[in-house]
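Trainee: I've just opened a new model. Please walk me through the helix packing and the metal site.

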Amino acid sequence: MLRKIFVTALILFVLTNFAFAAEKQPKKSVWQPELRVGIKSDVTQVGLKVSAPCIMIDPATKKTLKKIPANKNFVVDFAQMKTKAVEIRPEKILLKDLKSTIDGREYFGGVRVNKLKASLTVINLVPTEEYLRGVVGEEMSPAYPLEALKAQAVAARSFALKNRGRHEKDGYDVCATTHCQVYAGFEDFEIVNKAVDETRGQVLVFKEKIADANFHADSGGMTEAVADVWGTNVAYLVPVKELLELTAPWTKKFSAKDFASRFGDGFGDLKSIKLSKLTVGKKSNDRTDSGRVKSAQLVGTKKTLTVTGTDMRRKFSLPSTLFDMKLDGGEVVFTGYGSGHGVGMSQQGAKSYALKDWKFDKILSHYYSGTKLKKLY
Ligand SMILES: [Zn+2]
């Protein structure tokens with residue numbers, strides 16, 4: 001009998017404690033990865049403010065250094081501390097509900113400041129979904145249709161989580177510029193919030209790994225194989241046709257003299273240009289599968305050069321490598337289509353598919369061949 005009571009008590013004890021432990025865990029729908037976004041580097045001081053009471057923590061020891069009151073300007077004074085880094089996190093509310101002001105600009109989440117010799121690096125500690133609220137509307141116009149913005153939200157989430165730690169040597173995950181993704185901090189566009197919320201936690205995966213979801217403004221008619229831009233083959237970043245062709249037309253002109261001078265004294269004057277004519281989706285010796293310029297031959301009075309389309313784009317700040325070029329009188333005239341590297345999703349293309357009633361998942365599987373959607377959280 002005693003033994004029976006003991007066993008029952010033991011079971012009850014285990015059960016109640018298990019329930020207690022389970023309750024203490026954050027709910028699955030609440031949990032999300034935290035990102036460290038680099039906001040400022042090489043500054044000597046930074047002005048901060050938080051929207052709710054916070055604590056300043058030494059991230060190395062996790063010890064609280066001091067309490068920070070809400071809505072009061074403050075600076076981090078390392079001269080008064082032994083630590084080389086501090087984190088400012090909310091005392092009672094969730095990180096996603098805190099807003100921090102860094103030098104007058106508002107951000108979701110908290111702040112970390114790292115001291116490196118005499119300079120400071122200021123990092124925004126932000127939950128992924130809140131980060132996306134400040135990214136999606138910067139990378140794609142909030143005037144685009146919801147399904148295009150949802151595709152953008154998934155692409156941006158995949159990119160951020162795939163590239164976490166890209167700036168590890170700088171002390172953070174991603175930067176806030178076009179190098180990673182443009183992040184404006186706190187933003188409140190209703191349609192962007194909806195696009196983020198309706199795709200919460202969803203990323204693109206290929207063979208169970210998060211996909212590198214590159215995107216660009218406008219392909220001009222067909223997207224480009226990643227290998228033709230950055231050299232390495234990726235199974236899901238292959239050329240696909242667009243609904244519309246020859247979009248975003250552009251023209252750029254240079255005097256033949258100016259053009260030739262960019263190739264140095266050894267080139268001489270420009271005599272002629274050899275490049276096959278552009279047809280979207282038609283490959284040739286000097287063009288890739290999508291029709292972008294692989295290379296063009298420039299015949300000079302002193303020598304002939306073979307220049308890649310990518311080099312030409314960089315040298316002359318061309319919107320894309322989907323172009324024709326000719327020597328016309330004393331001018332070199334580029335006529336091209338599209339904008340951006342052409343890899344992965346075309347944002348303009350996503351918009352045109354959304355207007356044809358395609359849902360975001362269909363748009364994504366069109367641009368990222370063979371990938372699947374996965375809900376991470
Ligand atoms: Zn970056």
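Mentor: Contact here means heavy atoms within 4.5 Å. Helices (H or I, at least four residues) and strands (E, at least two) are DSSP runs, numbered from the N terminus. This is a predicted model, where local features need pLDDT of at least 70 and side-chain atom pairs count only at pLDDT 80 or more, while totals for chains, interfaces and linings use all residues. Residues are numbered from 1 along each chain as its sequence is written, and side-chain values use heavy atoms, with hydrogens and water left out.

Trainee: Start with α4. Which residues in α4 and α5 meet?

Mentor: From α4 come L146, L149, K150, A153 and R157. They meet I191, K194, A195 and V196 in α5.

Trainee: And at what angle do α4 and α5 pack?

Mentor: About 60 degrees, with the axes 8 Å apart. Axes are lines fitted to C-alpha atoms, for helices over the stretch in contact, and angles run from 0 to 180 degrees between N-to-C directions. So α4 and α5 are oblique to each other. On this scale, under 35 degrees is roughly parallel, over 145 roughly antiparallel, 65 to 115 roughly perpendicular, and the rest oblique.

Trainee: Next, α10. How do the axes of α4 and α10 cross?

Mentor: At roughly 55 degrees, and they come within 8 Å. α4 and α10 are therefore oblique to each other. α4 passes α10 in a right-handed crossing. On the α4 side the contact uses E147, A148, K150, A151 and V154. On the α10 side it uses F360, I363 and L364.

Trainee: What about α4 and α9, at what angle do their axes cross?

Mentor: Roughly 140 degrees, and the axes come within 8 Å. That makes α4 oblique to α9, which spans residues 347-355. α4 passes α9 in a right-handed crossing. E147, A148 and Q152 of α4 make the contact with Q347, A350, K351 and A354 of α9.

Trainee: Which residues does Q152 touch?

Mentor: V136, E139, M140, F215, M345 and Q347, leaving out residues up to four places away in sequence. For a distance check, Q152 and D269 are 46 Å apart, C-alpha to C-alpha, and 117 residues apart in sequence.

Trainee: Now the metal. What are the protein donors of the zinc ion?

Mentor: H167 through NE2, C175 through SG, H179 through ND1 and C180 through SG. They lie 2.0 to 2.3 Å from the zinc. Donors are N, O and S atoms within 2.8 Å of the metal (3.2 Å for Na, K and Ca); water is not among the atoms, so sites may look incomplete.

Trainee: What geometry does the site of the zinc ion have?

Mentor: Tetrahedral, with angles of 101 to 120 degrees among the 4 donor atoms. Along the chain the donors follow the spacing H-x7-C-x3-H-C. H167 is in the loop between α4 (146-162) and β10 (174-175), and C180 in the loop between β10 and α5 (190-197), so the pair ties together parts 13 residues apart in sequence. H167 and C180 are both buried.

Trainee: Where is N163 found?

Mentor: In the loop between α4 and β10. N163 counts as buried because its relative accessibility is 14%. Setting aside residues up to four places away in sequence, N163 touches D173, V174 and D212.

Trainee: Backbone next. What is phi of K62?

Mentor: Near 65 degrees, a positive value in a residue other than glycine. Most residues other than glycine have a negative phi. K62 is in the loop between β3 (54-58) and β4 (63-68). At 65% relative accessibility, K62 counts as exposed.

Trainee: And what is phi of E208?

Mentor: Near 70 degrees, again positive in a non-glycine residue. E208 lies in the loop between β11 (202-206) and β12 (209-210). E208 is exposed, with a relative accessible area of 59%.

Trainee: Last one. Where does G370 lie?

Mentor: In the loop between α10 (360-367) and β21 (372-375). G370 counts as exposed, at 58% relative accessibility. G370 and L132 are 238 residues apart in sequence and 24 Å apart in space, C-alpha to C-alpha.

Methods:
Four donors count as tetrahedral if all angles lie between 85 and 135 degrees; four count as square planar and six as octahedral if opposite donors are over 155 degrees apart and all others between 65 and 115; anything else is irregular. Buried means under 20% relative accessible area, exposed over 50%, partly exposed in between (1.4 Å probe, protein chains only). A crossing is left-handed if the near helix is turned anticlockwise from the far one by less than a right angle, and right-handed if clockwise.
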